[in-house]
Amino acid sequence: MQIDFQKSVDGLVPAVIQDAATQKVLMLGYMNREALDKTLLEKKVTFFSRSKQRLWTKGEESGNFLYVQDVKVDCDCDTLLIKASPAGPVCHTGADTCWDEKNVSNDFLFKLEGIITDRLNNPSESSYTSKLFARGINKVAQKVGEEAVELVIEAKDNNDELFLNESADLLFHYLILLQAKGFILANVIEVLEKRHK
């Protein structure tokens, strides 16, 4: 990634933040080299605050972090596009975006994926998902395997309700496995789209 900070004003380049799942533009901030390096290292969006004159990690006070999924540089190498998973409202006003737009998807899977991201990054002792992440990748993968076997068993019977419940269990645990490996559903969709061409 070759961002050209020489073109920047005061060493700052604009960074457009987009929800990795819904594709909604969430906010705009500015990064210097240090902010970009910290963002890439910690996988949480960090800006250079022009008002505070210091590095500022989005969510450092509210807990509404922006977890980095992908970073791209534009064709002129002077603007960043950061795709992230938000852990809550993005704007300081409490709105989903800094343009007071709702950041919702008609697809419940993306909403569920956001909840799974939050459980990964903000573990809770009462959360099944957090507990599963804490047990490690082997246990997560094992759980996917168990759910797949249970689905196959139900597919051979005639109980539609049990079949659909096992289908939901498998899909849920697969979404957890994706994030345990550092991916999201959009990454899989991209592969499928490329295959379709």
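This report describes salt bridges in a predicted model.

Residues are numbered from 1 along each chain as its sequence is written, and side-chain values use heavy atoms, with hydrogens and water left out. Because the model is predicted, local features need pLDDT of at least 70 and side-chain atom pairs count only at pLDDT 80 or more, while totals for chains, interfaces and linings use all residues.

The structure contains 7 salt bridges. A salt bridge here is a side-chain nitrogen of Lys or Arg within 4 Å of a carboxyl oxygen of Asp or Glu. The table lists some of them, including the pair of glutamate 101 and lysine 24.

| Pair | N to O distance |
|---|---|
| Glutamate 101 and lysine 24 | 3.9 Å |
| Glutamate 60 and arginine 54 | 2.9 Å |
| Arginine 119 and aspartate 118 | 3.7 Å |

Glutamate 101 forms a salt bridge with lysine 24. Glutamate 101 lies in the loop between β6 (80-86) and α2 (108-121), and lysine 24 in the loop between β1 (13-19) and β2 (25-31), so the pair ties together parts that are 77 residues apart in sequence. Helices (H or I, at least four residues) and strands (E, at least two) are DSSP runs, numbered from the N terminus.

Relative accessible area sorts residues into buried (under 20%), exposed (over 50%) and partly exposed (in between), using a 1.4 Å probe and protein chains only. Glutamate 101 is partly exposed at 37%, and lysine 24 is partly exposed at 26%. Glutamate 60 is partly exposed at 35%, as is arginine 54 at 33%. Arginine 119 is partly exposed at 30%, and aspartate 118 is partly exposed at 22%.
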